[in-house]
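Hi,

Here's the structure I promised to pass on. Have a look at it first, and my notes follow below.

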Amino acid sequence: MSALRAARELRADCSRCSGLCCVAPAFARSADFALDKPARSPCPHLQGDFRCGIHDRLPERGFRGCTVYDCFGAGQRLTQETFPDTDWRRAPELLDVFQTVRALHELLWYVAAALELPAAAAVHDELRAAFAVTDELAGAGPAKLAGVDVDAQRDRVNPLLRRASELARARVPGRRELRGAMLLGADLRGQDLRGADLRGAVLVGADLRGADLTLADLTGADLRSALVDGRGLRDALFVTPAQFASLGQPALARVTARTPGRAGP
Ligand code: SF4
């Protein structure tokens, strides 16, 4: 873990949050959520103490989406630092800025991950500066947070992340360009995907067993129910804990970095 990631919590700690992710976003009834829920409305399973009433049986109750969600630490930051001594019931404006801080924390996670790549040292100074600015925006007071332009900050940081990825993958000859590729259910067993650009690729249900994903960039790739084994994603780039958690069953047993559902009692 990088010093920056350690200094700023970039992983959800539900025990120090007031259930913001169970209230702020809208849910659409689907394979991931068993019901429709409008934004700014508490999930019926959220208890008065902000714990999930079905934490130990989320998939069985149709809430698989909750098991793969990560606020990147935005929830506890807002609850503990920005709006201390209150919660969304008394300060509903908390709900207005949750998605903003979550998006900024997600950006921080990627920047911290790029700072762990020795091959990207040429852009580390710029990345550290980007981390500081993004962190300052995420830690702004309620009034300033409401006016933060997340897209503009993403536009400033994303070229740096792409550059870091290119530097890290440059030493892999013949790397494949599969950015945004539609690989739904694809049979990719045993394929050489070293250094591949798989940013935003749709790999839902893909069979990646035996594939070599060393230094493959999986930023934003949809890995739900994808099958991975062996070295798996261990040496791939920019794989979030939520992506790990969304993998198919054979891989789950090998994954240690997982996003828990909202903590139960
Ligand atoms: S974690 Fe529990 S309370 Fe929160 S949205 Fe999911 S089912 Fe609802």
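This is a predicted model: local features need pLDDT of at least 70, side-chain atom pairs count only at pLDDT 80 or more; totals for chains, interfaces and linings use all residues.

Thr-100, Ala-103, Leu-104, Leu-107, Tyr-110, Val-111 and Ala-114 in H4 meet a set from H7, namely Val-150, Gln-153, Arg-154, Val-157, Asn-158, Leu-161 and Ala-164 (contact means heavy atoms within 4.5 Å; helices are DSSP runs of H or I, at least four residues, numbered from the N terminus).

Residues are numbered from 1 along each chain as its sequence is written, and side-chain values use heavy atoms, with hydrogens and water left out.

Now the cores. The largest nonpolar core has 35 residues, and Leu-20, Phe-63, Leu-78, Trp-88, Phe-98 and Leu-145 touch the most other members (a core is a set of buried Ala, Val, Leu, Ile, Met, Phe, Trp, Tyr and Cys joined through side-chain atoms within 4.5 Å; buried is under 20% relative accessible area, with a 1.4 Å probe and protein chains only). H4 gives this core its largest share, 7 residues.

Beyond its neighbours within four places in sequence, Trp-88 is in contact with Ser-18, Leu-20, Val-23, Pro-42, Leu-46, Phe-50, Leu-94 and Leu-95. A second, separate core of 26 residues includes Leu-115, Ala-130, Val-172 and Leu-215.

Cheers

Conventions. Helices (H or I, at least four residues) and strands (E, at least two) are DSSP runs, numbered from the N terminus. Buried means under 20% relative accessible area, exposed over 50%, partly exposed in between (1.4 Å probe, protein chains only).
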